[in-house]
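Thanks for coming. I will keep this short and go from the whole chain down to a couple of residues. Please have a look at the sequence and the model first.

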Amino acid sequence: MNGLCLVQLAGKRDPQLEAECLAWIESVLGERLPAGPYEEILRDGTVLCRLMNKLMPGCIPKYNTSGAQFKMMENINKFQEMAKRWGVPEIDVFQTVDLWERRNIALVTQCIMAVGRTDA
């Protein structure tokens, strides 16, 4: 994982790293995630909110499971806030549009990896 920073700084996606992130999330949640493209599994923020609730029980007491676009983006914002509270450095936290608009999925992966490292 030492090459992680170089890969992420270049903005290049790493399918292997994305698969590792999903596998880690599944192990933390104790369940299989739905099939589909990486960014679509994470896009509405519900998986990310559930992840943080497993790491810090009750930290996101309410998140949206359906609704308008802004409701799903609120989920992403809640995850970002809790990731920072968990100890993830600000520089490793992606912007909401990076995930929602699929602008920088590599940065989303970097953030999830940082959550995992902080957990260690």
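Before I name any element, a word on the numbering: helices here are DSSP runs of type H or I with at least four residues, counted from the N terminus. With that in hand, Val-47 sits in helix 4, which covers residues 46-55. Bear in mind that this is a predicted model.

Now the chain as a whole. It has seven helices and zero strands, so from the N terminus on, the order of elements is simply α-α-α-α-α-α-α. Of the 120 residues, 46% are buried. The accessible surface comes to about 6400 Å², with 53% of that belonging to carbon and sulfur atoms. As for contacts between residues at least 6 apart in sequence, 52% join residues at least 24 apart.

Back to Val-47. Is Val-47 buried or exposed? Its relative accessible area is 4%, and the cut-off for buried is under 20%, so Val-47 is buried. What is Val-47 in contact with, once neighbours within four places in sequence are left aside? The list is Ile-25, Leu-29, Leu-33, Ile-41 and Leu-42.

Thr-109 counts as buried because its relative accessibility is 2%. Which side chain does the side chain of Thr-109 make a polar contact with? That partner is the side chain of Tyr-38, at 2.9 Å.

Key:
Residues numbered from 1 in each chain as written. Predicted model: local features only at pLDDT ≥ 70, side-chain atom pairs only at ≥ 80, totals over all residues. Heavy atoms only, no water. Buried < 20%, exposed > 50% of the residue type's maximum accessible area, 1.4 Å probe, protein only. Polar contact = N/O pair within 3.5 Å; in protein donor to acceptor, adjacent residues only side chain to side chain. Helix = DSSP H or I, 4+ residues; strand = E, 2+ residues; numbered from the N terminus. Contact = heavy atoms within 4.5 Å. Areas by Shrake-Rupley, 256 points an atom, 1.4 Å probe, with all protein chains shown as cover.
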